[in-house]
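Please examine the sequence and the model shown below. The paragraphs that follow consider a pocket and its aromatic surroundings.

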Amino acid sequence: MSRPDPLPPLLEAVASLGLPGQPEPLYGALDRALGQAIGHLLVTFLVVDEPRGEVQRVYSSNPTAYPVGGRKPLRTTEWGEQVILRRQTYIGRNAADIVRDFPDHALILSLGLASILNVPVVHDGRCLGTANLLHREGWYRESDAAIGRTFAALLVPAFAREQEALA
């Protein structure tokens with residue numbers, strides 16, 4: 001199955017950067033744009049809080065299940081090595097991947113989600129956070145990673161500001 005042209009939703013997301021009240025307009029625009037360009041049933045944005053060794057959720061398309069402000073410890077796991085330290089995208093393709101790599105797998109699976117695309121938000125050689133898209137099993141493929149990285153780059157100014165606020 002082919003994906004739609006990502007350029008129109010990308011341009012809409014870029015336009016949101018000029019709106020007042022940041023970062024909420026950007027987060028909402030990216031939620032919509034990523035849904036159109038790649039697809040997701042859940043999207044969350046997490047900012048790395050290095051001093052505390054945690055990540056903090058700053059946006060969620062499902063705040064009931066994944067509330068804004070929620071924190072998770074940064075663990076020394078294969079996922080953390082790949083996404084946070086090596087700054088590479090991660091694709092979990094099925095329920096077994098979700099169970100293996102995410103401590104909150106029971107909640108993820110209970111929402112009918114069984115694939116994930118984690119995209120690091122990178123600036124100046126550092127991972128500032130991640131954009132996390134979840135969908136039904138088998139949804140994400142390698143070609144989605146480059147598109148996801150392009151959209152995630154728009155989060156750099158917002159995530160840098162979020163990190164300043166955490167300090």
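Which residues lie nearest the centre of the largest pocket? They are K72, W79, D101, F102 and P103, among a lining of 24 residues. The model is a predicted one, in which local features need pLDDT of at least 70, side-chain atom pairs count only at pLDDT 80 or more, and totals for chains, interfaces and linings use all residues. Residues are numbered from 1 along each chain as its sequence is written, and side-chain values use heavy atoms, without hydrogens and water.

A pocket is here an open set of points on a 1 Å grid over the protein atoms alone, where a 1.4 Å probe fits, with protein on both sides within 12 Å along at least five of seven lines; lining residues have an atom within 4 Å of a point.

W79 and F102 form an edge-to-face aromatic pair, at 6.1 Å centre to centre and 65° between the planes (ring centres within 6.5 Å; planes over 60 degrees apart for edge-to-face). Because W79 lies in helix 3 and F102 in the loop between helix 4 and helix 5 (105-110), the pair ties together parts 23 residues apart in sequence; helices are DSSP runs of H or I with at least four residues, numbered from the N terminus. W79 is buried at a relative accessible area of 15% (buried means under 20%, with a 1.4 Å probe and protein chains only). F102 is likewise buried, at 9%.

The structure holds six aromatic pairs. Elsewhere, ring pairs link Y27, F45, Y59 and F159 into a cluster.

Conventions: Phe/Tyr/Trp six-rings, centres within 6.5 Å; stacked < 30°, edge-to-face > 60°. Helix = DSSP H or I, 4+ residues; strand = E, 2+ residues; numbered from the N terminus. Buried < 20%, exposed > 50% of the residue type's maximum accessible area, 1.4 Å probe, protein only.
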